Amino acid sequence: MQIESRCGILCSDCEFDCPGCTQIEKPFWGESCPVKSCAEQAGLSHCGQCEKFPCPLLNGFAYDPEQGDDGKRIRQCAQWLEKEKGASHSEKAKC
């Protein structure tokens, strides 16, 4: 499973030529991204792994009137988390 972003955006579906924030130090659109910074400081692959998920910061981005996606990125993080839990359960079952 490829995690493309910290916030749940599917960067491969984007119109910009960007490998995703998991592959770059700073976003192409600015000096920093508060969501990326938060997840990385917490040692998380993506926001879905956070105990505060979905937090006000992520909700603010997901439902922003100009740049938001009506929660699509939040749903994506939840899907990644479910796949991780399923993979973890499968690995434990093999033991």
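Trainee: What makes Glu31 count as exposed?

Mentor: This is a predicted model, so every value here is computed from it. Glu31 has 61% relative accessibility. Exposed means over 50%. Glu31 therefore counts as exposed.

Trainee: Which residue does the side chain of Glu31 meet in a salt bridge?

Mentor: The partner is Lys26. Their N to O distance is 3.1 Å.

Trainee: Why is that contact called a salt bridge?

Mentor: The rule asks for a side-chain nitrogen of Lys or Arg within 4 Å of a carboxyl oxygen of Asp or Glu. Lys26 and Glu31 meet at 3.1 Å, N to O, so the pair qualifies. Side chains of opposite charge can pair when their charged atoms come close.

Trainee: Why is Lys26 called partly exposed?

Mentor: Its relative accessible area is 44%. Partly exposed runs between the buried limit, under 20%, and the exposed limit, over 50%. Lys26 therefore falls in that class.

Trainee: How many salt bridges does the rule give?

Mentor: The count comes to 5. Another one joins the side chains of Glu40 and Lys36, at 2.5 Å, N to O.

Trainee: Why are Glu40 and Lys36 separated by about one helical turn?

Mentor: Because they lie 4 residues apart in helix α1.

Trainee: Is Lys36 buried or exposed?

Mentor: Lys36 is buried, because its relative accessible area is 5% and the limit is under 20%. Glu40 is partly exposed, because it has 35% relative accessibility. Arg6 belongs here too: Arg6, Lys36 and Glu40 are linked in a network of salt bridges.

Trainee: What makes Glu82 and Lys85 a salt bridge?

Mentor: Their closest N and O atoms are 4.0 Å apart. The cut-off is within 4 Å, so the pair is counted. Both sit in helix α3, residues 72-94. They are 3 residues apart, which means about one helical turn. Lys85 is partly exposed because its relative accessibility is 48%.

Trainee: Now the surface. Which residues form the nonpolar patch?

Mentor: Phe16, Phe28 and Trp29. Together they have about 370 Å² of accessible area.

Trainee: How do you know that Trp29 is exposed?

Mentor: Trp29 has 51% relative accessibility. The limit is over 50%, so Trp29 counts as exposed. Trp29 is found in the segment before α1, which spans 34-41.

Trainee: What makes a space a cavity and not a pocket?

Mentor: In a cavity, a 1.4 Å probe fits but cannot get out; a pocket is open. The structure holds 1 cavity of 30 Å³ or more. The largest cavity has a volume of about 100 Å³.

Trainee: Which residues lie nearest the centre of the largest cavity?

Mentor: Cys38, Ala39, Cys47, Cys50 and Cys55, out of 13 lining residues. Helices α1 and α2 (56-62) each supply at least two lining residues. The largest share, 3 residues, comes from α1.

Trainee: How do the lining residues of the largest cavity divide by class?

Mentor: They divide into 12 nonpolar, no polar and 1 charged. Cys counts as nonpolar under this scheme.

Note on methods:
Residues numbered from 1 in each chain as written. Predicted model: local features only at pLDDT ≥ 70, side-chain atom pairs only at ≥ 80, totals over all residues. Heavy atoms only, no water. Patch = residues over 30% accessible without salt bridge, like charges linked within 9 Å, V, L, I, M, F, W, Y side chains within 5 Å. Areas by Shrake-Rupley, 256 points an atom, 1.4 Å probe, with all protein chains shown as cover. Buried < 20%, exposed > 50% of the residue type's maximum accessible area, 1.4 Å probe, protein only. 1 Å grid on protein atoms, 1.4 Å probe; cavity = no way out; pocket = protein on both sides within 12 Å on 5 of 7 lines; lining within 4 Å. Points joined across faces, edges and corners; volume = space filled by probe spheres on them.
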